[in-house]
Amino acid sequence: SRDLWFGSWLLSELAKAAALEIVQQNGNDISCLVFPAPDKLEQLKSFDFNAPNKVVARVRCNPAELGDTVKEAVLRRLRAICNDAYKEIKGKFERMVAEQQVGDFPEFFWVSYPINGSYKQARNFAEALLNARKATRNFPPITWGSNDPKCSLDGSRESVIPPSVHQQMKEDQLYENYGVQRGEHLCGVCLLKRHGRRGPEEYFFSTSHVAALPLLCKLTDKHRPLVEKYVGKLKELGIAADALGTVRPPHPVFGPHDGQLLFEERLREFFKEEGKLLQAKEALRTFLKEAFDGKKPLPYYALLLADGDHMGKVIDAQETPEKHQELSR
C-alpha cells in the first residue's frame, strides 16, 4: 500500500515535469496542453495538482527534438526526488547501482501526428501509433547484474543493501538505518519508495494504524490520562522514540503515536527481552480494558477500489481540442 501511495504521486510528478517542459518549449503557451489542461502554468508546479500518466498536447516545435528534451526533464525530476529520498537513509548502500536502477525504471514513449484540420482523426492515429510503440519493447543491457539477493518486494532487481548488513546489525539498527526488517532486501527503486516523501506534511499511515482507527476514533478527552499512562509505561520499558510513530496530523487524544501500539503481536518488534515484552503486553491489556472495555482492534479491513469506466469512449467522442480540454478539467 505504501508502494501505491508513493508510486502514484511519483508518476504524477514525472508527468507534470513532462507537461511543464512541453509548455516551456512552446513559448510558455499553457493552451497547448490538452490533457491535462491546467488554467495556469503555476499549477504544474503545485503540490496539489495531479497529472495523468499520458500527456496530450498540440505543439509547434520539432516533435523528435521535443521528445528528447521532455525525456530529460522527466529524468531530471526523478533524480531530484530520488536524491531527497536517499538523504533519509543513514546506512551505507550501493548508491551508484541504486541510481542506475531508478534511472532505468520509468518507461517513456512518445508519438506525433499532424492534425491537418481534424483533431479527432489525428488523435486516433496518434493513439494507434502509441499502442504500436508501447508494444515494441526496448531491452537495454542490465548494468547492475550481480550475485546479490533479489529485491524482496519486486523480485526483479538486485538489492543495493550489502548482505553483510543483515548479518552485522540488530533489527532495531536495520530499521533505524534502512527502514527494513531482517531479511528484507530492497533495490534502488523500492528503497526510493520506502524513504520517499510526498511533501513535508505528508504521512503514510501504516496498515496497523488504519486497522486500529475504528478504536482510535472512539477516544475522547476523558481517555487522555489512560493514553499518557500506557505510552509512559512503554517509554519506561525503553521503547525507541521512532517506534512510537510520528503520525501527522496527530490524533487529538492518541497524539502522534502509531496505532500499531494497540496490537500485542506488534509489541514483540520493540521489546526483545521477554520480561519487558510481558510488561508491555500487560500494560496494553490494561489500557484496552479501561478505554474500550477490553475490545481489541481487528487486524483486517476492506479496501474500496473506485475507477471510471468507459473513459476512453468519452475521450474518443471529443471532436475538438477545446472539448477535450474541457473534459480534462
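## Helix packing, cores and ring pairs

H1 and H7 are roughly perpendicular to each other (65 to 115 degrees; under 35 counts as roughly parallel, over 145 as roughly antiparallel, the rest as oblique). The model is predicted: local features need pLDDT of at least 70, side-chain atom pairs count only at pLDDT 80 or more, and totals for chains, interfaces and linings use all residues. Residues are numbered from 1 along each chain as its sequence is written, and side-chain values use heavy atoms, without hydrogens and water.

**Exercise 1. Describe the packing of H1 and H7.**

Step 1: geometry. The two axes come within 9 Å and cross at roughly 95°. Axes are lines fitted to C-alpha atoms, for helices over the stretch in contact, and angles run from 0 to 180 degrees between N-to-C directions. Helices are DSSP runs (H or I, at least four residues), numbered from the N terminus.

Step 2: residues. H1 brings Arg2, Asp3, Phe6, Gly7 and Leu10 to the contact (heavy atoms within 4.5 Å), and H7 brings Leu192, Lys193 and Arg194.

Step 3: classes. The H1 contact with H7 holds 3 nonpolar, 1 polar and 4 charged residues. Asp, Glu, Lys and Arg are charged; Ala, Val, Leu, Ile, Met, Phe, Trp, Tyr, Cys and Pro are nonpolar; the others, Gly among them, are polar.

**Exercise 2. Describe the packing of H9 and H11.**

Step 1: geometry. H9 (residues 224-236) packs on H11 (residues 274-292) at about 175°, and the axes are 10 Å apart. That angle makes H9 roughly antiparallel to H11.

Step 2: residues. From H9 come Leu226, Val227, Lys229, Tyr230, Lys233 and Leu234. The H11 side includes Gln279, Ala283, Phe287 and Glu290.

Step 3: classes. In the contact of H9 with H11, 9 residues are nonpolar, 2 polar and 3 charged.

**Exercise 3. Which residues have the most contacts inside the largest nonpolar core?**

Step 1: the core. The largest has 43 residues, and Leu44, Tyr86 and Leu192 have the most contacts inside it. A core joins buried Ala, Val, Leu, Ile, Met, Phe, Trp, Tyr and Cys through side-chain atoms within 4.5 Å.

Step 2: the elements. H1 (2-25), H2 (63-86), H3 (95-104), H6 (171-178) and H7 (188-195) each give two or more residues. H1 gives the most, 10 residues.

Step 3: one centre. Beyond its neighbours within four places in sequence, Leu192 touches Phe6, Leu10, Leu78, Ile81, Cys82, Ala85, Tyr86 and Val102.

Step 4: the other core. Apart from this one lies another core of 29 residues, including Leu215, Leu216, Phe287 and Ala291.

**Exercise 4. How many aromatic pairs are found in the whole structure?**

Step 1: count. The search finds 7. Rings of Phe, Tyr and Trp (its six-membered ring) pair if their centres lie within 6.5 Å; planes under 30 degrees apart are stacked, over 60 edge-to-face, and the rest tilted.

Step 2: pair one. Phe6 and Trp9 have ring centres 5.5 Å apart and planes at 40°, so the pair is tilted. The two residues lie in H1, 3 residues apart, about one turn of the helix. Phe6 is buried at 0% relative accessibility (buried is under 20%, exposed over 50%, partly exposed in between; 1.4 Å probe, protein chains only). Trp9 is buried at 10%.

Step 3: pair two. Tyr230 and Phe287 are stacked, with 5.4 Å between centres and 15° between planes. Tyr230 is in H9 and Phe287 in H11, so the pair ties together parts 57 residues apart in sequence. Tyr230 is buried at 2%. Phe287 is buried at 2%.

Step 4: cluster. Tyr230, Phe254, Phe287 and Phe292 form one aromatic cluster.
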